[in-house]
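Work through the exercises below with the sequence and the model at hand. Each task is followed by a solution in steps.

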Amino acid sequence: MIKGEVLVVDDDHEMRLSLSHLLGKAGYGVTTANDGEAALAVLRKSLPDVVLSDVRMPVMDGIAFQRQAAEFTTVPIVLFSAHGDIPLAVEAIQNGAYSFLEKPFDPRRLVTLLGNAVRFKRLLDRSARLEQRLSALTDLEQILIGDSAGVVAIRQDIHAFAGTSANVMVSGETGTGKELVARALHDLGTGPSAPFIAVNCAVIPQDRFEATVIGRAEQP
């Protein structure tokens, strides 16, 4: 049984062959690309479980490749370089790389790292599928109807914020659906069994606002 699919990106033909042999022996399926542009083309057609890419390459280096790949995929990318140093590694991680290795690297460490990256990718996939099921269960698309970029972004934000304990302020003109968004955040949140209470602050007398909203007793 194949443990996962790895895309190897390196302009050195011998390195590609060596890594293909190593990873094949370790139980991985391997696809190769000789530069960043070729790797982007592969990613747009099919998604591997992890990408292993050199940094120093002509046409498009590994840093630029990783940055562009992050715009349309969450596949973990492990970068490596014979010229690696701390600033380069920091830049790679800040750009979203899963990890960074300096050549020559220990084959056992590489295989272990790729195994962790594959498990991370599968966790991301499971999380995405769960989010899709939650979306279907709550009929969010039927409540917030539309396929414009703005409506799609609102639905994505609702899913993103509902899983946190942070307070969320929803603002907008009257009639734009603020209460619908608030109810959706509540239903998808961590405590949906608690009652959802909508309060119209405009009808609360000014001298009773603090006591009503915050619960403080009025001072004599």
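**Exercise 1: Val59**

Val59 is found in the loop between β3 (50-54) and α3; helices (H or I, at least four residues) and strands (E, at least two) are DSSP runs, numbered from the N terminus. The structure is a predicted model, in which local features need pLDDT of at least 70, side-chain atom pairs count only at pLDDT 80 or more, and totals for chains, interfaces and linings use all residues. Residues are numbered from 1 along each chain as its sequence is written, and side-chain values use heavy atoms, with hydrogens and water left out.

Solution. Step 1: the cut-offs are under 20% relative accessible area for buried, over 50% for exposed and partly exposed in between (1.4 Å probe, protein chains only). Most residues other than glycine have a negative phi.

**Exercise 2: α2 against α3**

Task: Describe how the axes of α2 and α3 are arranged, and list the residues that meet.

Solution. Step 1: the axes of helix α2 (residues 36-45) and helix α3 (residues 62-69) come within 9 Å and cross at roughly 25 degrees. Axes are lines fitted to C-alpha atoms, for helices over the stretch in contact, and angles run from 0 to 180 degrees between N-to-C directions. Step 2: α2 is therefore roughly parallel to α3, given that angles under 35 degrees count as roughly parallel, over 145 as roughly antiparallel, 65 to 115 as roughly perpendicular and the rest as oblique. Step 3: the crossing is right-handed; this term applies if the near helix is turned clockwise from the far one by less than a right angle, and left-handed if anticlockwise. Step 4: from α2, Gly36, Ala39, Leu40 and Leu43 meet Phe65, Gln68 and Ala69 of α3, where contact means heavy atoms within 4.5 Å.

**Exercise 3: α3 against α4**

Task: Repeat the analysis for α3 and α4.

Solution. Step 1: the two axes come within 10 Å and cross at roughly 15 degrees. Step 2: α3 is therefore roughly parallel to α4. Step 3: this crossing is left-handed. Step 4: Ile63, Gln66 and Arg67 of α3 make the contact with Leu88, Glu91 and Ala92 of α4.

**Exercise 4: the largest nonpolar core**

Task: Name the residues of the largest nonpolar core that touch the most other members.

Solution. Step 1: a nonpolar core is a set of buried Ala, Val, Leu, Ile, Met, Phe, Trp, Tyr and Cys residues joined through side-chain atoms within 4.5 Å. Step 2: the largest has 20 residues, of which Leu7, Val9, Val51, Phe65 and Leu79 touch the most other members. Step 3: β1 (4-9), α2, α3, β4 (77-81) and α4 (86-94) are the elements that give two or more residues to this core. Step 4: apart from it lies another core, of 17 residues, including Leu19, Ala26, Val78 and Leu113.

**Exercise 5: a cis peptide bond**

Task: Locate the cis peptide bond that joins Lys103 and Pro104.

Solution. Step 1: omega of this bond is about -5 degrees. Step 2: Pro104 lies in the loop between β5 (99-102) and α5 (107-138). Most peptide bonds are trans.
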